[in-house]
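Thanks for coming. Please have a look at the sequence and the structure first.

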Amino acid sequence: MVLAKIVIIGAGPAGLLLAHYLLRRGKYQVEIYDRRPDPGEF
């Protein structure tokens with residue numbers, strides 16, 4: 001099975017929620033990029 005590669009720019013609440021949703025579906029390889037070293041922080 002070939003996984004679709006998804007890149008998410010921004011590790012705020014919306015980016016993390018989207019990554020979580022896609023990973024639960026099991027059909028996607030997800031990479032998250034953010035300019036800050038502490039994802040999820042505002």
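Starting at the N terminus, the elements of this protein come in the order β-α-β. That is one helix and two strands. Helices here are DSSP runs of H or I with at least four residues, strands are DSSP runs of E with at least two, and both are numbered from the N terminus.

Some housekeeping before the details. This is a predicted model, in which local features need pLDDT of at least 70 and side-chain atom pairs count only at pLDDT 80 or more, while totals for chains, interfaces and linings use all residues. Residues are numbered from 1 along each chain as its sequence is written, and side-chain values use heavy atoms, with hydrogens and water left out.

Now the overall dimensions. Along the principal axes, the C-alpha atoms occupy a box of roughly 35 × 15 × 10 Å. Of the 42 residues in the protein, 14% are buried. Buried means under 20% relative accessible area, exposed means over 50%, and partly exposed is in between, with a 1.4 Å probe and protein chains only.

How do the elements fit together? Strand S1, helix H1 (residues 13–25) and strand S2 form a right-handed β-α-β unit. Right-handed means that, with the strands pointing away from the viewer, the path from the first strand over the helix to the second runs clockwise. S1 and S2 run parallel and are joined by six bridges; for two strands to count as paired, DSSP has to find at least two bridges between them. Within this pairing, Ala 4 is opposite Tyr 28 in S2, and Val 7 is opposite Glu 31 in S2.

A few distances between the two ends of the unit. Gln 29 is in strand S2, and it is partly exposed at 39% relative accessible area. From Gln 29 to Ala 4 is 6.0 Å, C-alpha to C-alpha, although they are 25 residues apart in sequence. Ile 6 belongs to strand S1 and is partly exposed, with 25% relative accessibility. Lys 27 sits in the loop between H1 and S2 and is partly exposed at 43%. The C-alpha atoms of Lys 27 and Lys 5 are 9.0 Å apart, with a separation of 22 residues along the chain.

Next, the helix. H1 has 13 residues, which should span 18 Å at 1.5 Å a residue, and its end C-alpha atoms are 19 Å apart, which agrees. The expected span is 1.5 Å times one less than the number of residues. Which residues of H1 are buried? They are Gly 15, Ala 19 and Leu 22. These cover an arc of only 70° around the axis, so they are on the same side of H1. The arc is taken from the directions from the helix axis to the C-beta atoms. On the face turned away from that buried side, H1 carries the exposed residues Ala 14, Leu 17 and Arg 24. For Arg 24, the relative accessibility is 67%. Its C-alpha atom is 18 Å from that of Gly 12, which is 12 residues away along the chain.

On to charges. Side chains of opposite charge can pair when their charged atoms come close. The rule used here for a salt bridge is a side-chain nitrogen of Lys or Arg within 4 Å of a carboxyl oxygen of Asp or Glu. How many salt bridges does that rule give? The count is one. The partners are Glu 31 and Lys 5, with their closest N and O atoms 3.2 Å apart. Glu 31 is in S2 (residues 28–33) and Lys 5 is in S1 (residues 4–9), so the pair ties together parts that are 26 residues apart in sequence. Glu 31 is partly exposed at 21%, while Lys 5 is exposed at 52%.

Finally, one item from a record. An unreviewed UniProt entry annotates residues 6–23 as "transmembrane region". UniProt positions are given in the numbering used here, feature names are shortened, and annotations may be inferred rather than shown by experiment. In the model, residues 6–23 are 61% helix and 22% strand, and the end C-alpha atoms of that stretch are 10 Å apart.
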